[in-house]
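Welcome, and thank you for taking a look at this chain with me. The report below walks through its fold, its pocket and a few residues along the way.

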Amino acid sequence: MWLALMIGNSRLHWAYFTGDTLIYAWDTDYLPADVIQRLSQSQTLKDLLLEIFPNDEATGKARHGNIEDSLKTLCSSVSSPPPIILASVVPSQTALWQSYPNVRILTLDQVPIKGIYPTLGIDRALALLGAGQNWGFPILVIDAGTALTFTGADANQHLVGGAILPGLGLQLATLAGKTGQLPTVELPQQLPYRYALNTKEAIQSGVIYTLVAGIKDFIEAWWRDFPQGNVVMTGGDRTLLVNYMRSPMKAPKGASQFPEIVDSLNVEANLIFWGMQKTLKNYE
């Protein structure tokens, strides 16, 4: 077995594989440097997993499976710390993990997507590859994380390009942090009213409706350029955004939503891990 680690802008994304099969995936906060140093000297798999497996909802969010059962299975089947295949968009975090004795760091030039430019985030490249391997090319990936990114590739697996903007949480945090009186606002679970009558809901409306409208515009433009192309959404805010897009528009007279887009939208959390697995096989 082996562990995949994607170091994102806000947290660590983990998965464990048996051969080519992804068994389990979860997220954790960044680990302190002293903990990582201790892991590099760990003697057993259990030492490692006790640090990186979330113990409860406060320390991590599992994407599927049962944490306790998975931990028991791993510890009973493997006695030594497994290899970690690492990709990262945070160089300072990457440096901390270089002390781990059995780590392999993936680089952008190893990802088998054509036409990649040097500053493309490896998370975007891996997600694009993972989506293309599962849904075929052409493919557009929308990653709804700290940043909201659009990344597309054509039928020849050649990068078309993309776009980057602040994600939902980052937009809300920026308004609260960079203004004198606007409050900190949480994301609602349901689509808010478009025309708000208080500041909190006005912020929610402005951020959510413009972001959803932008996603709709990018998807429609993609289908004009690539009528047979697929679209996949991933990232931590994927479920929330799909719910917003599926909900009826809340306005005084009501307004139509765009179910045809949501019905054609694929949603998948583990694109990056599939891309990592494919990249590894490409170099075997």
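## A first look at the fold

Among the contacts in the chain with a separation of 6 or more, 59% are made by residues 24 or more positions apart; a contact means heavy atoms within 4.5 Å. What you see is a predicted model, in which local features need pLDDT of at least 70, side-chain atom pairs count only at pLDDT 80 or more, and totals for chains, interfaces and linings use all residues. Residues are numbered from 1 along each chain as its sequence is written, and side-chain values use heavy atoms, with hydrogens and water left out.

The chain has ten helices and eleven strands. Both kinds of element are DSSP runs numbered from the N terminus, with helices (H or I) having at least four residues and strands (E) at least two. Of the 284 residues, 45% count as buried. Here buried means under 20% relative accessible area, exposed means over 50%, and partly exposed lies in between (1.4 Å probe, protein chains only). The chain exposes about 13,800 Å², and carbon and sulfur atoms supply 51% of that area. Such areas come from the Shrake-Rupley method with a 1.4 Å probe, and for residues only the protein chains shown count as cover.

## The largest pocket

How many residues line the largest pocket? There are 36 of them, and His-13, Gly-145, Thr-146, Gly-235 and Gly-236 lie nearest its centre. The elements giving two or more residues to this lining are H5, strand E7 (139-144), strand E8 (147-153), H6, helix H8 (238-246) and helix H10 (271-282). H6 gives the most, with three residues.

The volume of the largest pocket is about 1,100 Å³. On a 1 Å grid over the protein atoms alone, a pocket is an open set of points with protein on both sides within 12 Å along at least five of seven lines, and lining residues have an atom within 4 Å of a point. Grid points are joined across faces, edges and corners, and the volume is the space filled by probe spheres set on the points.

By type, the lining divides into twelve nonpolar, 15 polar and nine charged residues. Ala, Val, Leu, Ile, Met, Phe, Trp, Tyr, Cys and Pro count as nonpolar, Asp, Glu, Lys and Arg as charged, and the others, Gly among them, as polar.

## Residues listed by UniProt

An unreviewed UniProt entry lists Tyr-117, Gly-121, Ile-122, Asp-123, Arg-124 and Thr-199 under "binding site". Of these residues, Tyr-117, Gly-121, Asp-123 and Arg-124 are included in the lining of the largest pocket. The unreviewed entry also lists Asp-143 for "binding site". UniProt positions are given in the numbering used here, feature names are shortened, and annotations may be inferred rather than shown by experiment.

Tyr-117 lies in the loop between strand E6 (103-105) and helix H5 (122-135). Leaving aside neighbours within four places in sequence, Tyr-117 touches Leu-108, Arg-124 and Leu-159. Thr-199 belongs to helix H7 (residues 199-225), and beyond four places in sequence Thr-199 is in contact with Leu-182 and Pro-183.

Is Asp-143 buried or exposed? Asp-143 counts as buried because its relative accessibility is 12%. This residue is found in strand E7, and, with neighbours within four places in sequence left aside, Asp-143 is in contact with Leu-148, Thr-149, Thr-234 and Gly-235.

Here is how some residues of the chain compare in relative accessible area.

| Residue | Relative accessible area | Class |
|---|---|---|
| Tyr-117 | 35% | partly exposed |
| Thr-199 | 44% | partly exposed |
| Gly-169 | 37% | partly exposed |
| Gln-204 | 7% | buried |
| Tyr-209 | 7% | buried |

Gln-204 lies in helix H7. Apart from neighbours within four places in sequence, Gln-204 is in contact with Val-185, Glu-186, Pro-188, Pro-192 and Tyr-209. Tyr-209 lies in helix H7 too.

Gly-169 is in helix H6 (residues 168-177). Its C-alpha atom is separated by 6.8 Å from that of Thr-146, 23 residues apart along the chain.

Most residues other than glycine have a negative phi, and most peptide bonds are trans. The peptide bond from Phe-137 to Pro-138 is cis, with omega near 5°, and Pro-138 sits in the loop between H5 and E7. Gln-157, although not a glycine, has a positive phi of about 65°; Gln-157 is in the loop between E8 and strand E9 (159-166).

Key: 1 Å grid on protein atoms, 1.4 Å probe; cavity = no way out; pocket = protein on both sides within 12 Å on 5 of 7 lines; lining within 4 Å.
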